[in-house]
Amino acid sequence: MPKVKPYKQIEIVPQIVAEKSTPYGLRTYISLFSGAGVGCYGFKEENFYCVATVELLERRLKIQSYNQKCTYESGYISGDLTTKEVKDKVFIELDLWGKCYNVRELDVLIATPPCQGMSVANHKKKDELKRNSLVVESIKVTKKIKPKFFIFENVRAFLTSICTDIDGKDKLIKQAIDYNLSGEYNIHFQVLNFKDYGNPSSRTRTLVIGVRKDLKGITPLDLFPDQQPERTLRQIIGHLPSLKKMGEICKDDIYHNFRRYSPHMASWIANIKEGQSAFDNEDLTKIPHSVKDGIIVYNAKKNGDKYTRQYWDKVAPCIHTRNDIMASQNTVHPIDNRVFSIREVMLMMSVPDNFKWSDIPFEKLNKMTAKEKQAFLKKEEINIRQNLGEAVPTIIFRQIAHEIRKVLTQKEYTEQEITTLIQKKNLVENGNLLKFISENKTMNFAMLSKIAELANAQRYNNAAYYTRQDICFSIVKNLPESKAYTSLNILEPSTGVGNFLPVLINKYKSVPKVNIDVVDIDKSSIELLQELIKKIDVPDNVTINYINADFLLHSFENHYDIVVGNPPYMKITKEKELLAKYKAAIFNRDTNNIFAFFIEKAISLGDVVSLIVPKSLINAPEFNKTRALMTKHHIARIIDFGEKGFKGVKIETICFILNIKAKPNTTVIESYITDTVQQHEQAYITDNSFPYWLIYRNESFDTVANKLQLNLFKAYRDRSITKAHTKDKGKIRVLKSRNIGDNKIIDIPDYDCFIDDISTLDVAKFLNQKNCYLLPNLTYNPRACVLPQNCITDGSVAIITPIDESTEITKNDLAFYATDEFAQFYAIARNMGSRSLNIDNNSVFFFGKLKDK
């Protein structure tokens with residue numbers, strides 16, 4: 001990264017230093033393809049500081065400087081973002097803020113790349129692939145800077161337009177964003193009309209918001225602007241004085257002006273009513289036309305809203321770049337025979353009155369002579385109007401900025417604080433907990449549900465698997481889109497306190513009829529959920545049915561479009577009768593872990609099944625049959641949470657999305673461990689040439705696999721030797737994991753141990769036997785050696801022996817296990833796991849013999 005000049009040469013702004021020390025902290029953003037800064041002025045209004053703003057056209061960047069957007073002049077960067085020089089300038093500014101104000105990470109990156117290649121208003125577009133690919137520059141900068149949040153805004157067709165991605169391949173913009181950024185970010189893509197979210201005019205746009213995955217509990221849905229009633233054009237501009245005379249300028253507002261046009265066009269719109277177009281005139285001389293060689297040539301009517309007078313009592317129209325001419329879309333005033341004034345367009349785009357278009361003070365502009373005002377507008381008006389037509393409404397970004405500041409400053413209760421609260425208010429008692437939830441007016445659904453979940457866990461003295469909202473979002477966002485349904489049946493089979501409900505309701509709020517059945521074996525959880533659900537806005541199209549029953553034994557009448565949830569993870573060992581009932585209709589009877597039973601029943605009930613389960617599903621021998629059952633269907637996605645799914649709980653989890661009706665196809669692997677998203681053929685990662693699924697399989701893995709003869713060994717680990725059996729000296733040495741080196745045994749003082757009598761131990765069968773090899777257990781640092789004479793092992797070491805006794809293993813074979821090449825291969829073979837690293841008869845498959853060259 002380029003180096004910034006010594007920060008002592010930079011003036012330190014006391015106000016910024018002071019804000020840094022406040023409870024709210026210093027909030028920063030960078031804006032790419034920023035135009036005149038109309039949209040991100042909303043961030044300025046919410047007291048965010050602009051680190052850098054990038055715009056190709058100098059005249060637009062000057063407008064940003066008039067509004068004092070950046071603290072430092074160097075923050076205004078004019079140039080082509082595709083060049084290294086311009087990107088480096090952005091990184092230099094970020095470095096400067098790090099040195100001056102200890103800003104170690106950017107809060108927000110905003111990008112609004114040019115949209116002409118996608119816009120329906122552009123009838124002259126040809127090959128716009130290069131222009132569309134400017135979004136890829138935004139992706140590159142996002143990947144480099146890694147802000148907490150990113151916001152991309154563009155036209156409706158943004159996501160379905162083609163771009164040339166970083167890898168040189170042409171793909172949909174949505175796919176490019178998803179492929180490059182969804183490994184590190186939870187991303188929500190939504191097409192919405194800003195008129196329903198606080199903007200005074202219609203403007204259907206695509207909004208993409210990403211939240212970095214380490215920001216636990218925050219989802220992109222938390223940051224979207226709130227839905228609000230639309231307002232009419234009369235409500236927005238009706239208070240402004242009427243302008244009847246061509247060229248007239250309001251004496252108190254230079255920007256409220258009657259823009260001139262050719263006088264012969266006046267008759268075209270003089271008599272049309274609201275909603276009518278000049279093309280509707282019955283008098284043919286009043287239909288828009290030109291005269292060429294004495295012949296009337298009528299204008300083409302490419303858009304039905306040209307020369308169209310707007311309605312006073314309907315929402316204002318979408319503002320386009322050519323809002324200066326009647327031949328553009330929806331530009332004619334409801335009563336005056338003119339296009340909307342600059343001020344009217346500003347109001348329709350929610351631009352504040354204090355936004356400056358010039359370095360000349362507004363009061364001074366209004367004191368100019370009529371001639372001076374005309375000269376000013378002649379020079380500046382088109383630039384102002386075009387900037388307004390291309391802008392993001394200020395109110396939209398201001399709302400997002402407000403929500404970002406709120407989620408970053410809201411009180412985050414620790415589990416210890418929640419535990420103290422539970423004890424203080426005796427929330428373990430269900431009646432007290434219900435009352436607490438009912439009367440609480442300050443905590444949101446997520447916090448109250450977390451308290452309820454932890455209180456329930458204390459009541460039943462079990463492990464608390466609270467499913468955070470960001471985890472729920474990461475799953476629900478990948479379920480089928482709402483447009484696929486006219487009615488929808490959803491089942492949550494072990495609902496707890498309903499953590500999935502807010503994101504499910506949000507995703508499917510546009511489906512005409514949504515039925516959600518929530519099931520829980522615990523009556524108290526159902527009662528709590530019924531109280532919690534009052535804390536969220538449930539639309540009229542959504543019906544929630546509460547079922548207090550054991551999911552595995554309950555008889556369901558409905559078949560479901562979607563089954564989603566987080567079932568319990570526990571083995572039944574004592575309740576033999578209950579276990580027999582559960583297994584009665586189960587295919588995989590090799591396990592007693594009930595999450596596997598949930599999977600099977602969910603498959604029988606739903607078309608799409610998505611459950612959070614232990615990562616051991618992928619590789620443990622007891623789930624071989626469960627995997628075989630799942631592989632018959634399309635595994636659309638696997639999300640590997642590793643240990644990041646549940647805070648404070650040492651368990652690795654994954655989520656899968658299974659399309660029951662679809663045949664196996666491609667599978668997306670999203671990893672919280674590697675921060676990547678990859679896509680493979682399902683058959684590639686579930687290849688039955690290997691003992692279990694390999695979700696991180698790649699070419700380098702295949703290269704090593706092809707070097708080895710695999711599936712040569714069986715594995716054994718002692719389960720009985722403990723410290724109580726061993727001592728510092730003895731007849732037989734007991735080897736432990738740290739004793740195992742590359743083709744050697746390592747002696748370690750105060751670590752080595754011995755035993756005298758092994759006659760009662762099962763491991764004795766390996767004493768002084770041939771063809772026994774040792775591997776340390778639970779490690780990504782594999783190495784191997786021969787089992788020496790007069791030695792046995794404890795459970796930290798696996799003893800592997802050839803399945804075929806005639807197999808000859810050489811020192812070179814064992815030495816290969818200690819190489820970096822094999823270590824990388826082995827990490828993939830173990831699916832990057834951190835807990836399930838025992839060497840068993842499945843995983844020993846990957847220790848092989850080098851093939852002859």
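## Basis of the model

The model is predicted: local features need pLDDT of at least 70, side-chain atom pairs count only at pLDDT 80 or more, and totals for chains, interfaces and linings use all residues. Residues are numbered from 1 along each chain as its sequence is written, and side-chain values use heavy atoms, with hydrogens and water left out.

## The chain as a whole

The C-alpha trace spans about 110 × 65 × 60 Å along its principal axes. The chain holds 26 helices and 31 strands. These are DSSP runs, numbered from the N terminus: helices are H or I with at least four residues, strands are E with at least two.

Of the 853 residues, 57% count as buried. Buried means under 20% relative accessible area, exposed over 50%, and partly exposed in between (1.4 Å probe, protein chains only). The chain exposes about 38,400 Å², and carbon and sulfur atoms supply 49% of that area. Areas come from the Shrake-Rupley method with a 1.4 Å probe; for residues, only the protein chains shown count as cover. Take contacts (heavy atoms within 4.5 Å) between residues at least 6 apart in sequence: 72% join residues at least 24 apart.

## Helix H12

Helix H12 covers residues 370-390. Its 21 residues should span 30 Å at 1.5 Å a residue, and the end C-alpha atoms are 29 Å apart, which agrees. The expected span is 1.5 Å times one less than the number of residues. H12 bends by about 50° at Glu380. The bend is the angle between axes fitted to the seven residues ending there and the seven starting there.

Buried residues of H12 include Phe376, Leu377, Glu380, Ile384 and Leu388. Their cover includes helices H3 (58-66), H10 (342-348) and H11 (362-366). Ala370 also lies in H12, but is exposed at 53% relative accessible area. The C-alpha atoms of Ala370 and Glu248 are 9.1 Å apart, although 122 residues separate the two along the chain.

## Salt bridges

Side chains of opposite charge can pair when their charged atoms come close. The structure holds 50 salt bridges. Each is a side-chain nitrogen of Lys or Arg within 4 Å of a carboxyl oxygen of Asp or Glu.

Lys244 and Asp336 pair at 3.0 Å, N to O. This pair links distant parts of the chain, 92 residues apart: Lys244 sits in the loop between helices H8 (233-237) and H9 (266-270), Asp336 in the loop between strand E11 (295-298) and H10. Lys244 is exposed at 59%; Asp336 is buried at 0%. Lys406 and Glu403 pair at 3.2 Å. Both lie in helix H13 (residues 394-409), three residues apart, about one turn of the helix. Lys406 is partly exposed at 42%, while Glu403 is buried at 10%. A network of salt bridges links Arg27, Glu105, Asp107, Lys148, Arg212 and Asp214.

## A surface patch and a buried loop residue

Leu284, Val291, Ile296 and Tyr298 form a nonpolar surface patch with about 390 Å² of accessible area together. Patches use residues with over 30% relative accessible area and no salt bridge; like charges are joined within 9 Å, nonpolar side chains (Val, Leu, Ile, Met, Phe, Trp, Tyr) within 5 Å. Val291 lies in strand E10 (residues 289-292) and is exposed at 55%.

Thr807 sits in the loop between strand E30 (797-802) and helix H25 (811-816). Thr807 is buried at 16%. Neighbours within four places in sequence aside, Thr807 contacts Leu712, Pro802 and Lys849.
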